[in-house]
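Please examine the sequence and the three-dimensional model shown below. The briefing that follows is arranged by topic.

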Amino acid sequence: MSAEAVPPWDRAHQLERLRVVEASLPADPDELRTIVDTSDDLICVTEIDGRFRWVNRAFQRRLGYTPGSLVGVQSFSLIHPDDVGAVLEAARSPANAITVAFRFRHADGSWVHVEMNRRIAYDDVGNRTGTVIVSRDVTARRLAEDRFRLLSEHSPIGIYIAQDREIRYVNPRFEQLTGFSAEELIGSDPLQLVLPEDRQMVHDCAVAMLKGERQAEYEYRILNRAGEIRWIMESLVSIEYEGRRAALGNYIDVTERKAQDEELQRTIKELARSNEELGQFAYVASHDLQEPLRMVASFTQLLGRRYKGKLDEDADEFIRYAVQGVNRMQQLINDLLDYSRVGTRGNPMMPVDCDKVIARVLDSLTTRIDENDATVTIGPMPTIVADAMQLEQLFQNLIGNALKYRGEAAPAVSVTAAEERDGWHFQVKDNGIGIDPAYAERIFIIFQRLHGKEEYEGTGIGLAICKKIVDRHGGRIWVESSPGQGSTFHFILPNGGTNQS
Ligand code: ADP
């Protein structure tokens with residue numbers, strides 16, 4: 001028989017209890033009162049019918065009532081209407097001590113969650129004289145529980161807690177992702193959900209995590225209730241649950257993302273393959289076209305020389321056009337070959353002294369520089385890791401264009417380099433005709449020209465070659481310009497960094 005169930009009329013027991021309590025309590029009633037009033041628990045005594053006889057000061061601090069204002073008030077009137085039934089039922093219990101949780105009205109009208117302990121008070125002869133109630137404000141705890149419940153119920157992430165290889169808790173999203181109900185899952189081994197092929201990996205990750213790595217993140221496949229394979233990204237965290245080590249798992253279904261990733265990988269591979277094929281085709285076509293074209297060129301030139309003035313005037317003109325057309329075609333094919341060689345016939349990346357490279361370029365451009373009365377200034381140049389031949393081609397095209405697209409004034413070209421976070425930043429600046437910013441990107445595309453060949457000689461391949469070279473070095477190229485204001489071509493080559501060798 002428990003202590004609570006001892007009949008109240010058992011006088012000997014009552015007196016013994018009183019003696020024990022008295023021995024451990026302060027003798028001074030003032031001291032006793034101070035203890036009761038400073039207690040954070042809500043302590044009160046009610047009449048048999050439930051009206052307040054006395055309340056401690058915690059009622060004021062926690063619930064906003066002055067002690068005097070509650071005397072005589074029916075305590076049940078301050079209990080939430082939805083909870084009154086449960087409290088009444090508990091109060092009717094024959095046991096001396098009962099514990100019940102309910103909501104109590106604060107003086108401001110809000111509801112405070114309390115957990116109540118009741119004891120019935122008896123007089124010396126065993127008659128019930130009232131009820132002693134000690135209650136605790138558990139609002140903060142309830143709030144925390146509510147928050148957790150809301151978060152867990154509405155989380156888009158499947159959450160579970162496992163301990164000793166048994167699932168202890170799952171949230172609704174976890175049930176939805178796996179297709180199993182909480183009843184089915186709780187108590188089962190979380191590894192059972194995992195596809196057999198992936199179990200060892202998941203097991204090893206979980207063990208490593210529980211041994212010390214606080215968090216593990218990995219992807220694996222599960223079999224849901226419908227027998228479908230789903231890809232899961234799981235983050236597993238080591239936690240303490242009910243006083244012992246446990247694992248908190250977060251499930252995100254990444255099946256769709258995985259499928260998209262695989263599709264993307266396939267497309268990238270396919271693109272790389274067709275790009276390679278195209279490069280190869282351009283190379284073979286331009287290379288193989290050179291031979292018959294050379295023949296056509298030499299025979300039309302021969303025709304021109306041998307029969308000039310011997311046929312009629314029309315024939316002379318036709319031959320001249322044919323020679324011009326063949327020359328242009330040769331130029332186009334040579335440039336196209338240069339373009340396709342950037343990707344297929346590159347040299348290894350090695351330290352290159354840019355001063356020497358630019359000196360060679362200026363050497364080959366001497367005649368054009370002199371003819372145009374141009375000045376070319378070169379700033380301090382670094383040594384960088386690059387393909388020397390291609391670097392030369394790059395400067396040759398950019399400086400060549402700066403001379404070709406000149407304005408009224410004599411061309412003034414400057415080449416500078418500065419080291420930045422991303423690598424070496426080069427600039428080729430001119431005072432020429434400039435470019436409308438609307439075409440700033442288009443000019444780097446093969447065959448894109450802003451002028452007819454009658455205005456300026458060219459094939460529209462030079463800048464496309466520049467871009468391909470810079471790309472191969474892992475850098476980027478762009479232009480800043482406006483019509484009549486000159487142009488500045490910028491390119492950045494990463495320090496020693498290349499994306500191909
Ligand atoms: P091309 O010079 O053979 O036409 P590019 O690819 O070198 O081919 O240049 C593409 C176009 O960009 C040129 O036709 C020209 O209109 C423009 N362009 C290139 N460089 C300059 C420059 N320095 N100033 C003005 N326009 C330029």
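Which strands does helix α12 lie across? In this predicted model, helix α12, made of residues 354-364, lies across β12, β14 and β15. The helix runs at about 170° to β12.

**The sheet**
- An open sheet is formed by 5 strands, arranged in the order β12-β14-β15-β17-β16, and its pairing is mixed.
- At the edges stand β12 (375-378) and β16 (476-481), each of which pairs on one side only.
- On average, neighbouring strands of this sheet are turned by 15° against each other, direction ignored.
- Strands of a sheet pair through backbone hydrogen bonds, in either a parallel or an antiparallel manner.
- Strands β14 (residues 412-420) and β15 (residues 423-429) pair in the antiparallel sense over 7 bridges.
- Within this sheet, T416 stands opposite Q427 in β15.

**The cysteines**
- The structure holds 0 disulfides.
- C354 is in no disulfide, and the nearest cysteine sulfur, that of C466, is 14 Å away; a disulfide requires two cysteine sulfur atoms within 2.5 Å.
- C466 is likewise in no disulfide, its nearest cysteine sulfur being that of C354.
- C354 counts as buried because its relative accessibility is 0%.
- C466 also has 0% relative accessibility and therefore counts as buried.

**Residue V194**
- V194 is found in the loop between α8 (182-185) and α9 (196-211).
- With a relative accessibility of 2%, V194 counts as buried.
- Leaving aside residues up to four places away in sequence, V194 touches R199, V202, Y220, R221 and I222.
- V194 and Q74 are 120 residues apart in sequence, and their C-alpha atoms are 59 Å apart in space.

Methods
Residues are numbered from 1 along each chain as its sequence is written. This is a predicted model: local features need pLDDT of at least 70, side-chain atom pairs count only at pLDDT 80 or more; totals for chains, interfaces and linings use all residues. Side-chain values use heavy atoms; hydrogens and water are left out. Buried means under 20% relative accessible area, exposed over 50%, partly exposed in between (1.4 Å probe, protein chains only). Helices (H or I, at least four residues) and strands (E, at least two) are DSSP runs, numbered from the N terminus. Contact means heavy atoms within 4.5 Å. Two strands pair if DSSP finds at least two bridges between them. Axes are lines fitted to C-alpha atoms, for helices over the stretch in contact, and angles run from 0 to 180 degrees between N-to-C directions.
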